Amino acid sequence: MADRGGLSEAAATGASPASVPGLNPTLGWRERLRAGLAGTGASLWFVAGLGLLYALRIPLRLCENLAAGTSSLISGLIFIFEWWYFHKHGTSFVEQVSVSHLQPLMGGTESSISEPGSPSRNRESETSRQNLSECKVWRNPLNLFRGAEYRRYTWVTGKEPLTYYDMNLSAQDHQTFFTCDTDFLRPSDTVMQKAWRERNPPARIKAAYQALELNNDCATAYVLLAEEEATTIVDAERLFKQALKAGETIYRQSQQCQHQSPQHEAQLRRDTNVLVYIKRRLAMCARKLGRIREAVKIMRDLMKEFPPLTMVNIHENLLESLLELQAYADVQAVLAKYDDISLPKSAAICYTAALLKTRTVSEKFSPETASRRGLSTAEINAVEAIHRAVEFNPHVPKYLLEMKSLILPPEHILKRGDSEAIAYAFFHLQHWKRIEGALNLLQCTWEGTFHHVSVYPKKELPLFIHFTAGFSSSTAMIAILTHQFPEIMGIFAKAVLGLWCPQPWASSGFEENTQDLKSEDLGLSSG
């Protein structure tokens, strides 16, 4: 009872306005209200904004535009999170989720619907694979050597030719191709597993030498040195030959143990990837050093020995080498095998098919003659082939016609994108120039049909979007100013509230001040 009485007395004392010195008892609640309003300027603005939105809900058609505003807000939040995730982890969160989680789910649903081996299941899987291939980042089949080619550009210009995002994708590829769960069984593979994760090139090279000290037959260590330390193609080829010798030995050992456990099967897949990569790069070294027939033989043997590995696109390397040999019949044979609806399309396949059709008519083609007599059957086939190629990737003609400057191709390309156009034109422009009139026919067809395509109409933003942007910006600014300058913003809030609704906030003190001002004015006027 004593405690309850003490509490009631304290409450009564705190509630009594007479206990506060210098405060008029009749104006206590008004003063407290003013003090509360002065400290909640941002909240008042927010409430006022909500009231304004409610009053203007019909003229602004808020109910109709609510979905658009909500989607814009969510898109902005996703963009901010994607930017933060990329800067922290060096990879795209949306792309990582799509490739790692959504793609296996899409592939798994097909196998559960149709019976294995049925024609419908094959057609569905082919269509799905075609759709997925066009929205995925692919490794450039003709990517250059970092040490022997990309670094030369850095020496001359002092600039890095590869983006951080591109190099990060390559690091992920290397970890996928060259590592497995059994790396802990061999100390050299454990060191190389860490080496592929290193971002600093000198650290990767140092780790490769450490792996060779532990095991002189570490194939992946030679691969890393050939890619990044070798400053010439000759040096790179020498290191790749050492890697081939070690890789074949490890591959044969893995073949003998592949059925012992799932770990050994994973090790065989890893050793197979290493062997295929080494042979492919050796073929590219031979191609760059002028031994083109040797390069073609290595590629053909590789495609026969490992036919399931069509996803690495070795046939695109073969097409480029055969074009350099001007073996157009062999090029047509390769296209007949790979230019199929069930396989992923590419700019190399589409534009090489157009080049072969163009080759038969380009030498005698003339726009004036064609306009007078019309197009022949062969010319129609060539024009249609160019149409199909441009529809697949419309960025390529500007690079082939040298309307845009070429740069070094990246290590990864986006199908049907500008990066794929750069990679294709960088290696195939010489083949188009070699055939007389081919670029002329391409220019006539492209300018006459596709030059003014892809001009999107400008869409006017609705009033609601402008209003939302302005209101959000002003609210954020007021909140920041209130946090930084609370006293000034409190005075400003009082002034604004006094202008908008002076009568409810009027007080006797305000009236007394007004009377004093009037008496002073009267005194001045009488004087």
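**Entry: ground rules**

I am working with a predicted model, in which local features need pLDDT of at least 70 and side-chain atom pairs count only at pLDDT 80 or more, while totals for chains, interfaces and linings use all residues. Residues are numbered from 1 along each chain as its sequence is written, and side-chain values use heavy atoms, with hydrogens and water left out.

**Entry: overview**

I looked up the secondary structure and found 25 helices and two strands. Helices (H or I, at least four residues) and strands (E, at least two) are DSSP runs, numbered from the N terminus. I then looked up burial: 37% of the 527 residues count as buried. Buried means under 20% relative accessible area, exposed means over 50%, and partly exposed lies in between (1.4 Å probe, protein chains only).

**Entry: nonpolar cores**

I noted the rule before the result: a nonpolar core is a set of buried Ala, Val, Leu, Ile, Met, Phe, Trp, Tyr and Cys residues joined through side-chain atoms within 4.5 Å. The largest such core has 91 residues. Its members that touch the most others are Met192, Phe240, Ile278, Tyr351, Leu400 and Trp432. Helix α13 (residues 262-288) gives this core its largest share, ten residues. Another core of five residues lies apart from it, and I wrote down Leu142, Tyr150, Leu162 and Phe427 as being among them.

**Entry: salt bridges**

How many salt bridges does a search of the whole structure find? I recorded 18. The rule is a side-chain nitrogen of Lys or Arg within 4 Å of a carboxyl oxygen of Asp or Glu.

I followed Glu149 to Lys288, where the closest N and O atoms of the salt bridge are 3.1 Å apart. Glu149 sits in helix α7 (residues 146-157) and Lys288 in helix α13, so this pair ties together parts that are 139 residues apart in sequence. Glu149 counts as buried because its relative accessibility is 18%. Lys288, at 29%, counts as partly exposed.

The next pair I checked was Glu228 and Arg204, whose side chains meet in a salt bridge at 2.9 Å, N to O. Glu228 belongs to helix α11 (residues 219-228) and Arg204 to helix α10 (residues 201-214), so parts 24 residues apart in sequence are tied together. I found both Glu228 and Arg204 buried.

Arg281 is in helix α13 and Glu227 in helix α11, so the pair ties together parts that are 54 residues apart in sequence. Arg281 is buried at 1% relative accessibility, and Glu227 is buried at 10%. I also noted one network, in which salt bridges that share partners join Arg146, Arg204, Glu228 and Glu411.

**Entry: helices α11 and α13**

At what angle do α11 and α13 pack? I noted about 35°, with the axes 11 Å apart. Axes are lines fitted to C-alpha atoms, for helices over the stretch in contact, and angles run from 0 to 180 degrees between N-to-C directions. The crossing of α11 past α13 is left-handed, meaning that the near helix is turned anticlockwise from the far one by less than a right angle. Ala219, Thr220, Val223 and Glu227 of α11 meet Val274, Tyr277, Ile278 and Arg281 of α13.

**Entry: cysteines**

I searched for disulfides, taken as pairs of cysteine sulfur atoms within 2.5 Å, and the count came to zero. Cys180 is buried at 11% relative accessible area, and Cys350 is buried at 12%.

**Entry: two single residues**

Is Ser170 buried or exposed? I found Ser170 buried, with a relative accessible area of 0%. Ser170 is found in helix α8 (residues 164-178). Not counting residues up to four places away in sequence, Ser170 touches Arg139, Arg146, Glu411 and His412.

Last, I looked up Ala266, which lies in helix α13 and is buried at 16% relative accessible area. From Ala266 to Ser254 I recorded 9.5 Å, C-alpha to C-alpha, with the two being twelve residues apart in sequence.

Terms used. Contact means heavy atoms within 4.5 Å.
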